[in-house]
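Could you walk me through this model in my viewer, stop by stop? Please tell me what to select next and what is there.

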Amino acid sequence: MFKFHILRVSKELLGHLILVFLPILLISFFYYVNSSAILTSGAAINTTEVSTVLTIGFALTFQIYGSAISFETFGHDFLSPIHDRLLAAPVSPRKIVFSVLFTGIVVSFLQTIVIVIFSMIILDAKFNYLIPILIILLVSVIFNQLFGTVILFLTKKVKTATAITSLYGVLAPIIMQLYFPLPDTKIFNLLEKYLTPISLAKTATFGILNQNYRDLLAGLIPLMILIVILFILIKPLSRKVIV
């Protein structure tokens, strides 16, 4: 079943290209803008640090949009006339749910890896602890796939799930201060580091990069708790959609 869903998702070539090349273009653009601004000001510049920050920020941001890989599939299968045919199939609907989720996680994580590799090769981004960082990025992928799916199961509308995740995707990089710095106040600093799931993922990732294990745990543990909560919600919510 997993092979079937992988083949099915692979047909959405345009969507995958957008989720890979758009963040790459944005990373390249903001890298150029930031580098040029610092050089013009005459300040010392560490282009490696700039590219690393941008790569993490945009990789995390586009994982949010990547949640559509799962919830759009669920919407097509369970919130359309195909629903009755699926229930008549000899395969358990629960297995279909987990197969779709697993496929979405794998595909979104592969997209993230491509973005990271591009930045490492072209923009000289440095990830001295690449494997642990990829693990954190995988945890973030899992959260976003579950988050989008839970929203769909709650609202039972693909358009609503798309609107909510898209709004979050717009606000997330602003909260992370990816585009521009926000006022240096306690509330904005808390928002940047701890008060949203994407902030937790960013904090955990930079905790690894900076060998700050306090930040690593402060970001990773709450994110894992949120994943467990979403995972627990999947079963009762999916039952309402499948039946």
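Before the first stop, one term: two residues are in contact when they have heavy atoms within 4.5 Å of each other. Keep in mind, too, that this is a predicted model.

**The whole chain**

Start with a cartoon view of everything. You will find 11 helices and 0 strands, so the pattern along the sequence reads α-α-α-α-α-α-α-α-α-α-α, given that helices are taken as DSSP runs. Of the 243 residues in the chain, 46% are buried.

Zoom in on Leu 233, which sits in helix H11 (residues 213–242). Its relative accessible area is 35%, so Leu 233 is classed as partly exposed.

**Helix H10**

Next, select residues 197–209, which form helix H10. How many of its 13 residues are buried? The count is 12, so H10 is mostly covered. Among the buried residues are Lys 202, Phe 206 and Gly 207. Draw a line from the first C-alpha of H10 to the last and you get 19 Å, close to the 18 Å expected at 1.5 Å a residue.

**Gln 111 in helix H6**

Move to residues 93–122, helix H6, and pick out Gln 111. Is Gln 111 buried or exposed? Its relative accessibility is 7%, and because the cut-off for buried is under 20%, Gln 111 counts as buried. To see its surroundings, show His 16, Leu 19, Val 20 and Ile 69: these are the residues Gln 111 is in contact with once neighbours within four places in sequence are set aside.

**The aromatic rings**

Now display the aromatic side chains. The whole structure holds 9 aromatic pairs. Take Phe 62 and Tyr 65: their ring centres are 5.4 Å apart and their planes meet at 45°, so this pair is tilted. Both residues belong to helix H3 (residues 47–65), 3 residues apart, or about one turn of the helix. Phe 62 is buried, at 9% relative accessible area, whereas Tyr 65 is partly exposed at 28%.

For another pair, select Phe 147 and Tyr 168. This one is edge-to-face, with 5.9 Å from centre to centre and 70° between the planes. Phe 147 counts as partly exposed, with 22% relative accessibility, while Tyr 168 is buried, with a relative accessible area of 13%.

For the last stop, select Phe 29, Phe 30, Phe 58 and Tyr 179, which form one aromatic cluster.

Conventions
Residues numbered from 1 in each chain as written. Predicted model: local features only at pLDDT ≥ 70, side-chain atom pairs only at ≥ 80, totals over all residues. Heavy atoms only, no water. Helix = DSSP H or I, 4+ residues; strand = E, 2+ residues; numbered from the N terminus. Buried < 20%, exposed > 50% of the residue type's maximum accessible area, 1.4 Å probe, protein only. Expected span 1.5 Å × (residues − 1). Phe/Tyr/Trp six-rings, centres within 6.5 Å; stacked < 30°, edge-to-face > 60°.
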